[in-house]
Amino acid sequence: MNKQTEEFMPKLALPPKGWAEVGKPHPHESALLHVTGEATYTDDIVELQGTLHAALGLSQKAHAKIRNIDLSKVKASPGVVAVFTAADIPGENQCGAIIKDDPVLADGLVQYVGQPVFIVVADSHDNARRGARQAVIDYEELEPILNPRAAHAAKSYVLPPMHLTRGAPAEALARAPHKLKGQFDVGGQEQFYLEGQISYAIPKEGRGMHVYCSTQHPSEMQHHIAHVLHVASHDVLVECRRMGGGFGGKESQSALWACAAAVAAVRLRRPIKLRADRDDDMMVTGKRHCFAYDYEIGYDDNGRITAAKIDMVSRAGFSADLSGPVATRAVCHFDNAYYLSDVEIHAMCGKTNTQSNTAFRGFGGPQGAIAIEYIIDEIARNLGRDALEVRRANFYGSSDAEGPDARNVTHYGQKVEDNVIHALVDELERTSGYQEKRKAIAAFNAANTVLKKGLALTPVKFGISFNVPHLNQAGSLVHVYTDGSVLVNHGGTEMGQGLNTKVAQVVANALGLPLERVRCTATDTSKVANTSATAASTGSDLNGKAAQDAALQIRARLAEVAAKHFGVEAAEVRFADGLAIAGEQSIAFADLAMQAYLQRVQLWSDGFYSTPKVHWNSKTMNGHPFFYYAYGAAVAEVVIDTLTGEWKLLQADLLYDAGESLNPAIDVGQVEGGFIQGMGWLTTEELWWNKDGKLMTHAPSTYKIPAISDCPAQLRTALFRNSNVSDTIHRSKATGEPPLLLPFSVFLAIRDAVSAVGGHRVNPPLRAPATSEAILDAVDAVRAATVTQ
């Protein structure tokens with residue numbers, strides 16, 4: 001740049017040295033669109049001329065052979081255009097996530113009430129649904145298995161049982177000063193995403209198929225559709241701009257809807273929309289796995305666990321789906337935040353004639369960890385100690401400790417390298433006034449016979465990564481335009497959790513741009529191929545790193561152009577606040593982009609990331625499955641009515657380790673949302689099947705998710721000051737799944753309140769969810785046991 005040119009250029013104010021776009025509490029990138037109703041979901045896409053609507057005809061029996069199907073009334077129903085059965089599927093009649101045991105349409109055998117048997121296509125959504133009710137099916141009924149304990153008794157499993165042993169648990173149990181033996185049951189949970197399952201399939205030229213799908217896993221949908229249609233993956237394009245919630249329910253189970261829509265579309269050569277009514281959605285799709293536990297525990301006078309043996313049986317449903325990985329994660333999270341020297345775990349995936357259960361936020365981690373928390377709660381009561389004291393006695397040791405007494409290696413062989421649970425719990429105990437609350441509650445309970453208060457502080461240690469190592473990879477595309485604006489595409493999917501906002505912040509930060517100059521586009525299998533599901537709390541970790549990789553490649557090219565412009569070395573150029581800067585010189589990013597284009601410098605790049613260090617041996621149940629751990633803790637104070645079983649959460653204090661948060665506003669929202677959702681799982685959200693195997697809680701009228709009135713008047717949330725020891729994106733930590741474990745504190749506070757009925761001398765047999773009925777049952781049991789003492 002010559003001196004004369006420099007004199008006429010306006011002087012641009014230079015940003016401060018510490019400028020950054022990450023770490024700021026930016027609002028969600030679609031927040032305005034959400035609140036104004038402008039955000040486009042799959043059902044909002046303008047329908048093409050000739051679009052038809054589909055509905056599924058469902059089984060009315062839990063377990064039966066199909067003798068005959070009479071579809072004549074369906075075909076004669078007003079508006080019905082066509083009806084398709086398994087025989088009409090061009091390729092494989094399969095949409096199983098891992099094992100081919102999950103047909104798109106039942107063929108000769110139905111295995112649960114609600115299993116799809118045929119597809120009805122009509123001129124409207126309502127006509128398709130009405131038509132689907134007209135089928136006459138002749139069944140030969142078979143004996144169903146309806147719960148996990150019955151499946152275990154019958155040795156009915158969808159997969160072989162899993163076993164993990166460390167140390168000598170039998171010998172350690174035999175010599176333990178104290179022993180505990182018991183059972184516990186925790187229910188499942190409906191994902192209850194606001195936007196139900198939906199796919200819109202549009203036939204394209206040749207064998208092409210474009211499917212708009214509300215899914216967490218576009219690549220898996222692409223593969224399933226290709227197999228069902230008997231075409232290549234390159235013939236299928238799956239696109240998802242956003243979901244109205246997913247929570248794991250759209251990881252594998254969106255495949256059924258996508259495949260059914262695609263089959264109808266290819267048969268009729270017409271666009272087909274398949275949108276599930278809420279009742280049908282809940283009747284067809286899988287939920288969080290309920291678990292049944294049988295345990296034996298040995299412990300010492302301080303409450304430290306010296307031996308643990310546990311059998312876990314999950315309700316897998318009729319097919320494997322993701323039950324294997326869910327069980328694996330439950331096994332890996334049985335320890336939660338506690339060191340287990342001698343442990344034996346057996347995990348069984350019970351085959352039942354119910355919906356095939358699937359992923360749900362936490363993916364088995366909550367079911368594994370709730371068991372040890374329930375056990376520690378029992379140990380504390382048996383010893384007459386505060387449960388917090390017993391928890392501390394069992395915490396993992398210092399990450400820096402070495403030798404046989406280090407207590408910092410998990411039961412599956414991974415060293416805990418970043419243990420902050422001691423400091424985090426200490427901070428929460430202080431800031432929540434835990435000890436003062438404990439005294440005040442004791443005084444309240446002594447003065448009240450009907451109302452009883454309870455208190456609990458529970459910790460969380462949660463492993464972050466896919467247990468299946470090859471899934472820990474991601475790709476991205478970043479485009480810089482000549483006006484300086486940036487477009488990003490990555491393999492993750494936006495379901496309201498703020499992934500696109502965080503990825504855009506990462507790219508903006510890398511290129512030194514204000515966030516408004518960066519936009520993320522719809523996830524599209526024709527842009528980034530072979531992606532992993534947006535799941536396992538890895539969305540920002542994987543896609544953020546991949547997008548950063550692409551952006552940094554572009555920045556390096558632009559730095560060379562800027563260096564030439566300034567007459568300096570490329571290493572002297574920095575990017576911040578929309579400028580490229582070298583010393584006191586600067587140029588607007590948009591002007592630099594144009595200069596780069598004129599010099600024929602590439603202004604787009606792909607990026608890739610694969611998580612290091614992770615490995616897992618599924619046969620030995622040993623390895624290093626997690627890149628790092630996220631930590632947290634919560635204190636909950638509740639009050640129960642011992643006459644009605646009603647309860648209320650009075651106050652909750654949450655402290656969560658988000659590392660160097662990419663976006664504190666979004667992370668706090670994720671923590672609070674996860675807490676309330678997990679509270680629903682453990683208190684109000686009861687799934688109930690009748691004796692014939694029909695799910696009776698299949699609508700908001702019978703299935704109760706938490707409402708605003710269930711939130712405490714005081715919900716205090718803070719992020720723990722910490723920097724991830726692992727090289728994650730800007731040293732942040734995941735906030736998707738771990739917060740769902742924080743409301744263990746609510747469940748155990750309710751148990752503490754029930755325990756107060758008997759003066760804390762009896763362990764209440766409280767099941768989860770702790771509905772009013774469950775609370776009353778536990779109160780009655782405590783009273784009965786107190787009388788006999």
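The model is predicted, with local features requiring pLDDT of at least 70 and side-chain atom pairs requiring pLDDT 80 or more, while totals for chains, interfaces and linings use all residues. Numbering runs from 1 along each chain as its sequence is written, and side-chain values rest on heavy atoms, with hydrogens and water left out.

**Strands and sheets**

Helices (H or I, at least four residues) and strands (E, at least two) are DSSP runs numbered from the N terminus, and two strands pair if DSSP finds at least two bridges between them. Strands of a sheet pair through backbone hydrogen bonds, either parallel or antiparallel.

The open sheet here has three strands in the order 4-2-6, with antiparallel pairing. Strand 4 (109-110) and strand 6 (136-141) stand at its edges with a single partner strand each, so one side of each has no neighbour in the sheet.

Strand 5 (residues 116-122) has seven of its seven residues buried, so the rest of the structure largely encloses it; buried means under 20% relative accessible area, exposed over 50%, and partly exposed in between (1.4 Å probe, protein chains only). Six bridges tie strand 5 to strand 1 (residues 52-58) in the antiparallel sense, with leucine 56 partnering isoleucine 119. Strand 3 (residues 80-84) also runs antiparallel to strand 5, over four bridges, and alanine 82 stands opposite valine 121.

**Nonpolar cores**

A nonpolar core is a set of buried Ala, Val, Leu, Ile, Met, Phe, Trp, Tyr and Cys residues joined through side-chain atoms within 4.5 Å. The largest has 117 residues, and Phe334, Phe747 and Ile750 have the most contacts inside it. Strand 27 (residues 628-641) gives the most to this core, with 10 residues. A second, separate core has 42 residues, including Ile119 and Val263.

Contact means heavy atoms within 4.5 Å. Leaving out residues up to four places away in sequence, isoleucine 750 touches Val638, Ile640, Trp647, Thr683, Leu766, Ala770 and Ile775.

Valine 757 lies in the loop between helix 19 (744-756) and helix 20 (772-788) and is partly exposed, at 22% relative accessible area. Beyond its neighbours within four places in sequence, valine 757 contacts Lys452, Thr642, Val779, Val782 and Arg783.

**Rings and charges**

Rings of Phe, Tyr and Trp (its six-membered ring) pair if their centres lie within 6.5 Å; planes under 30 degrees apart count as stacked, over 60 as edge-to-face and the rest as tilted. The whole structure holds 15 aromatic pairs. Tyrosine 412 and tryptophan 616 make an edge-to-face pair, 6.3 Å centre to centre with 70 degrees between the planes. These two are 204 residues apart: tyrosine 412 is in the loop between helix 12 (387-394) and helix 13 (421-431), and tryptophan 616 is in strand 25 (residues 615-617). Tyrosine 412 is buried at 0% relative accessible area, and tryptophan 616 also counts as buried, at 16%. Elsewhere, Phe184, Phe291, Tyr293, Tyr374 and Phe747 form one aromatic cluster.

A charge sits over a ring if NZ of Lys or CZ of Arg is within 6 Å of the ring centre and within 35 degrees of the ring normal. Here are two such cases:

| Charged residue | Ring | Distance from ring centre |
|---|---|---|
| Arginine 242 | Tyrosine 41 | 5.7 Å |
| Lysine 250 | Tyrosine 193 | 4.6 Å |

Tyrosine 193 is 564 residues from valine 757 in sequence and 38 Å away in space, C-alpha to C-alpha.
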